[in-house]
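User: Hi! Could you walk me through this one? I'm new to reading structures.

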Amino acid sequence: MPSVRPITPTEHRAYLSSRPSASFLQTPGWARVKSEWRSESLGWFDDAGTQVGVALVLYRKLPKLNRSLAYLPEGPVIDWGSDDLRDWLAPMVAHLRKQGAFAVRIGPPVVTRRWTTAQVKEGIADPAVRLLGEIPPAERTPAGARVVAQLHELGWRHQGVEGGFAAGQPQFVFQIPLRHPDGSQRTEDEVLKGMNQLWRRNIKKAAKEGVEITRGTREDLRAFHELYVHTAERDHFTPRPLGYFETMYDALSADAATPGERFTLWLARHQGDLVASTIAIRVGEHAWYSYGASSTEKREVRGSNAIQWAMISDAIAHGAAVYDLRGITETLDADDSHVGLIQFKVGTGGEAVEYAGEWDLPINRPLYKAFQLYLQRRG
């Protein structure tokens, strides 16, 4: 059984650099972004003392109590293909219990099901289909099934929300595979041909209109944020403060082995006007579209499509295996407001992907029950 002990951020960073990829939420830099949480880096070690796993743990303390929820977003980074996850998880839980955790929440980065673009479109068009899970998937992964079965057997509780977005990380995402099944890289032309006609036309139109895409600096975050706040007012969501993105830029950039690898700010301008801006993150072979903003004016120049294509092209150029457009909801109900987001992403020709989701293990059951009631009342 592997042992678990705290490690330094440098050891944490070094281990991740030896892996093909890991969620950016499991990097040491993310601890700086979530500064309101206490954080700890953990390492797993085999009998020979070789490091075989890593995790970023975020501790959220309960008010007036010396007890915390231990949260490992999209982690830990361990061998999820193991037939005995107890050996991996038990020493972690024992350590977290000593740290005062009343419960542990993990997010195994393991795919359980996939659906093609055609299947998602057919589901949206079929009034009898409400949820993605009602469509037989193109793939069910044995690895995902093993993880889910073992977590149930070990007493972990799945945290799911039907239809909408859960409070934590999304269980359903939309991704564009950037490699062929044999592992070779797809070309820009191949990815472009996989997009629907509207996406291809909009990318061409942006180029014809003279939309210019550039990489931004830390100083350009202010311009991004002004557009992001405008987007939030238009689309009715609460924006994060500028300081959040400045911290994110500093923290994730410090983790990068090469400049620009981890955090990239993209800007799309038309005749000098900022019409779209996005933040992309890359860890090894996994690239994410993280945040986006767009102007209400000049939508006809299709800056949003142009900037997405620039990010996808950059991911291909850096040998990424997947371009991740992040969360979608499970709903396929054409009358649901979330469907518009799915339809935008479906146009890229990627696939809907379900991960194992987030799982809780109560350690102190009365406190965990009180915590669940608090979350339910908060909504």
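User: Where does Thr329 sit?
Analyst: Thr329 is in the loop between β14 (322–327) and α11 (339–346). Helices (H or I, at least four residues) and strands (E, at least two) are DSSP runs, numbered from the N terminus. This is a predicted model: local features need pLDDT of at least 70, side-chain atom pairs count only at pLDDT 80 or more, and totals for chains, interfaces and linings use all residues. Residues are numbered from 1 along each chain as its sequence is written, and side-chain values use heavy atoms, leaving out hydrogens and water.

User: Is Thr329 buried or exposed?
Analyst: Buried, because its relative accessibility is 2%; buried means under 20% relative accessible area, exposed over 50%, partly exposed in between (1.4 Å probe, protein chains only).

User: New topic: how many residues are in the largest nonpolar core?
Analyst: That core has 41 residues, and Val120 and Leu332 are among those with the most contacts inside it. Helix α10 (residues 303–317) gives the most to this core, eight residues. A nonpolar core is a set of buried Ala, Val, Leu, Ile, Met, Phe, Trp, Tyr and Cys residues joined through side-chain atoms within 4.5 Å.

User: And how many aromatic pairs are there?
Analyst: The structure holds 14. Phe24 and Trp30 form an edge-to-face one, 5.3 Å centre to centre with 80° between the planes. Rings of Phe, Tyr and Trp (its six-membered ring) pair if their centres lie within 6.5 Å; planes under 30 degrees apart count as stacked, over 60 as edge-to-face and the rest as tilted.
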